Amino acid sequence: MGTNLFSYIVWNPSEVAFQIGSFSIRWYSLCWLIGLASAFFIVKYLYKHQKLRDKDFDPLFIYCFFGILIGARLGHCLFYEPSYFLSSGEHILEMFIPMHKMADGTWKFTGYEGLASHGGTIGLILALWLYCKHTKLNIWRVMDNIAIATPLTACFIRLGNLMNSEIIGKVTDVPWAFIFQNAAPEYAGAPRHPGQLYEAIAYFIFFLIGLYLYRRKQDRVGTGYFFGLCLFLIFTARFFIEFTKINQVDFEEGLPLDMGQLLSIPFIIVGGACMIGGKWLKKLGTEK
């Protein structure tokens, strides 16, 4: 491995995007906001383009927001740290509130530290099912429209992880390696794969692919094709990029694959099945 630090990118950004008085906005929160806002306007355009009613679109964002947030939070707690969060009533409470009980017995506001994309995906799917029960729209049409916008949201979320210097990669000597100076002390100082950036770039490319295919395969909207494509591309990329990243929790050391890879496999299979399944999936929904 090269020893010249100038060969690598020294990554030491402020976690705060801007501050007004005592009020500050972190880059991570801002990236989440931009990602969700982008999806909002893209799906709004798709609804209008497909002549779906405005009143059916109005509640969609609320369903998606809470579905993603609740699913991502519970996914992290149950998939990655079940031994902690299921060990006591107070720790179970921490799953649902943005606070952490300190050693001295006081509670500290920490925000939701720990969100898992696999859980967010499950939460989103369940939320969209409830939304479709309410609006009577074809669930596959809704899923396909959301899936076209989702990779762009995922791109911004991973950029937020990059600004937070979290989900970092393994030590490497590639010339584009990042030295994450804001990472935990045991990880700072050595050049590492920027796994968050790999994912962000991949997801942006998948977003462009989805737009391209939408312009040429609009008749596939409502068949589950775009939903399947989104799952297949994102989680296949996630599976392989995980090889460049360090394990997030200790118990992964004894696994043949890390938790992110194991959780990605079912989504890859479901995505492929939806793409192949074709138009018969449309019959499972109720179209207005």
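Buried, in this report, means under 20% relative accessible area, while exposed means over 50% and partly exposed lies in between (1.4 Å probe, protein chains only). Helices (H or I, at least four residues) and strands (E, at least two) are DSSP runs, numbered from the N terminus.

## Before we start

Welcome to this predicted model, in which local features need pLDDT of at least 70, side-chain atom pairs count only at pLDDT 80 or more, and totals for chains, interfaces and linings use all residues. Residues are numbered from 1 along each chain as its sequence is written, and side-chain values use heavy atoms, with hydrogens and water left out.

Let us begin with helix 3, which covers residues 60-79. The expected span of a helix is 1.5 Å times one less than its number of residues.

Which residues of helix 3 are buried? They are Leu60, Cys64, Gly67, Ile68, Gly71, Ala72, Arg73, Gly75, His76 and Cys77. These buried residues pack against helix 1 (27-49), helix 2 (54-57), helix 4 (82-85), helix 5 (89-96), helix 6 (117-135) and helix 7 (139-163).

## A closer look at glycine 71

Glycine 71 sits in helix 3. With 11% relative accessibility, glycine 71 counts as buried. Contact here means heavy atoms within 4.5 Å. Setting aside neighbours within four places in sequence, glycine 71 is in contact with Phe66, Gly119, Gly120 and Gly123.

To compare helices, axes are lines fitted to C-alpha atoms, for helices over the stretch in contact, and angles run from 0 to 180 degrees between N-to-C directions. Helix 1 packs with helix 3 at an angle of about 145°, and their axes are 11 Å apart. The crossing of helix 1 past helix 3 is right-handed; a crossing is right-handed if the near helix is turned clockwise from the far one by less than a right angle, and left-handed if anticlockwise. On the helix 1 side, Trp32, Leu36, Phe40, Val43 and Tyr47 meet Leu60, Phe61, Phe65 and Ile68 of helix 3. By class, this contact of helix 1 with helix 3 has nine nonpolar, no polar and no charged residues. In this scheme Ala, Val, Leu, Ile, Met, Phe, Trp, Tyr, Cys and Pro count as nonpolar, Asp, Glu, Lys and Arg as charged, and the others, Gly among them, as polar.

Helix 3 and helix 5 pack at an angle of about 145° too, with their axes 9 Å apart. Here Arg73, Leu74, Cys77 and Leu78 from helix 3 meet Glu94, Met95 and Phe96 from helix 5. The residues of this contact divide into five nonpolar, no polar and two charged.

## Helix 7 beside helix 9

Helix 9 (residues 225-241) packs with helix 7 at an angle of about 25°, their axes 6 Å apart. That makes helix 7 roughly parallel to helix 9, given that angles under 35 degrees count as roughly parallel, over 145 as roughly antiparallel, 65 to 115 as roughly perpendicular and the rest as oblique. Helix 7 passes helix 9 in a left-handed crossing. Among the residues making the contact are Trp140, Met143 and Asp144 of helix 7, along with Tyr225, Phe226 and Phe227 of helix 9. The contact residues divide into ten nonpolar, one polar and three charged.

How far does helix 9 reach from its first C-alpha to its last? Its 17 residues reach 24 Å, close to the 24 Å expected at 1.5 Å a residue. Since 15 of those 17 residues are buried, helix 9 is largely enclosed by the rest of the structure.

Lysine 136 lies in the loop between helix 6 and helix 7, and has a positive phi of about 70° although it is not a glycine. Serine 165, in the loop between helix 7 and strand 6 (178-180), has a positive phi of about 55°, again without being a glycine. Serine 165 is buried, with a relative accessible area of 6%.

Glycine 224, in the loop between helix 8 (195-216) and helix 9, is buried at 0%.
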